[in-house]
Amino acid sequence: MNLIMFGPPGGGKGTYSSRISERYGIPHVATGDIFRREVSEGSDLGKKIKGYLDRGELVPDEVVNEVVERRLSEEDCRDGFILDGYPRTLPQAEALDEMAKIDLVIVLEVSEEVIINRLSNRRICRRCGEIYNLRSMPPKREGVCDKCGGELYQREDDRPEVIRNRLEEYRERTQPLIEFYRRRNIVREIVVREEKPVDEVMRMIYSALESSLPAEV
Ligand code: AP5
């Protein structure tokens with residue numbers, strides 16, 4: 001099954017996609033994670049895109065499309081994948097159509113109040129990428145990952161002024177894509193108006209997934 005997890009910054013795309021990936025044994029392909037890795041390794045691509053990430057602006061389509069096309073052609077994506085953070089513009093959605101057939105798009109609708117609260121408290125493991133929240137999902141030991149013992153850090157783009165830019169980019173360039181997929185009748189919306197525990201949101205997502213996909217996938 002080929003899935004897209006769609007939603008605003010801080011909507012929970014990474015948190016929920018990683019659980020879907022474990023449950024269904026399909027790779028979690030997150031463009032934001034790929035880009036942050038390139039930046040931290042100081043690669044040519046990383047140098048080219050760092051400014052966009054720091055400012056909370058979208059990386060140019062041709063760069064993103066090339067990265068995703070390469071990743072989806074790898075062996076582990078043959079039997080399905082979950083895309084997190086891609087596509088984010090109409091040209092990206094059209095490029096994706098050339099790469100794969102999408103079975104389902106899960107759209108997270110989350111209020112702005114919840115988003116800002118989540119992002120300012122988010123911490124991530126430098127080693128394994130596990131996502132925490134100091135208020136709702138704190139690690140057992142401060143600054144240390146429960147899963148692998150790695151160091152927890154705060155993302156550069158989780159500063160208030162950059163969060164504002166990311167939300168604006170989402171509203172103007174990404175949100176209109178929901179209509180693009182709605183016309184194909186493959187959109188399932190998950191509405192989170194006020195904070196709900198992750199397990200509760202996961203139950204809603206699994207139920208949407210299991211009622212929409214053929215029994216054998
Ligand atoms: P990206 O990394 O994709 O960032 P984003 O879309 O802004 O999304 P986030 O990672 O901030 O949030 P999320 O929805 O994954 O939420 P999370 O699960 O962490 O992209 C970063 C940048 O890369 C972009 O700004 C752009 O520059 C570039 N880029 C990436 N893709 C691109 C593309 N296709 N085109 C162009 N440029 C691109 O959750 C957030 C917090 O909430 C966590 O702390 C989590 O623990 C907590 N949380 C989640 N659910 C719950 C819950 N139910 N209860 C309590 N806490 C919760």
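Buried, in this talk, means under 20% relative accessible area, with exposed over 50% and partly exposed in between, using a 1.4 Å probe on protein chains only. Helices (H or I, at least four residues) and strands (E, at least two) are DSSP runs, numbered from the N terminus.

A word on the source. This is a predicted model: local features need pLDDT of at least 70, side-chain atom pairs count only at pLDDT 80 or more, and totals for chains, interfaces and linings use all residues. Residues are numbered from 1 along each chain as its sequence is written, and side-chain values use heavy atoms, with hydrogens and water left out.

Start with strand β3, residues 81-84. Phe81 and Leu83 point one way. Ile82 and Asp84 point the other way, and all are buried. In a regular strand, side chains alternate between the two faces of the sheet.

Now the sheet itself. Two strands pair if DSSP finds at least two bridges between them. The sheet is open, has 5 strands and runs β2-β3-β1-β4-β8, with parallel pairing. β2 (28-30) and β8 (187-192) are the edge strands, each pairing on one side only. From one strand to the next, the twist averages 20°. The axes behind that angle are lines fitted to C-alpha atoms, for helices over the stretch in contact, and angles run from 0 to 180 degrees between N-to-C directions.

Pair by pair, then. β2 and β3 are joined by 3 bridges, and Ala30 sits opposite Asp84 in β3. β1, residues 2-6, pairs with β3 over 4 bridges, with Asn2 opposite Phe81. β4 and β8 share 6 bridges, and there Val107 faces Glu189.

Next, Thr31. Thr31 belongs to helix α2, residues 31-41. Buried or exposed, at 2% relative accessibility? Thr31 counts as buried because of that 2% value. Beyond neighbours within four places in sequence, Thr31 is in contact (heavy atoms within 4.5 Å) with Val64, Val68, Asp84, Gly85, Tyr86 and Arg88.

Last, the second largest pocket. A pocket is an open set of points on a 1 Å grid over the protein atoms alone, with protein on both sides within 12 Å along at least five of seven lines; lining residues have an atom within 4 Å of a point. The volume is about 160 Å³, taken as the space filled by probe spheres set on the points. There are 13 lining residues, with Pro8, Val110, Ile115, Tyr170 and Gln175 nearest the centre. β4 (104-110), α6 (112-120) and α7 (160-174) each give two or more. β4 gives the most, with 4 residues.

Technical notes: On a 1 Å grid over the protein atoms alone, a cavity is a set of points where a 1.4 Å probe fits but cannot get out, and a pocket is an open set with protein on both sides within 12 Å along at least five of seven lines; lining residues have an atom within 4 Å of a point.
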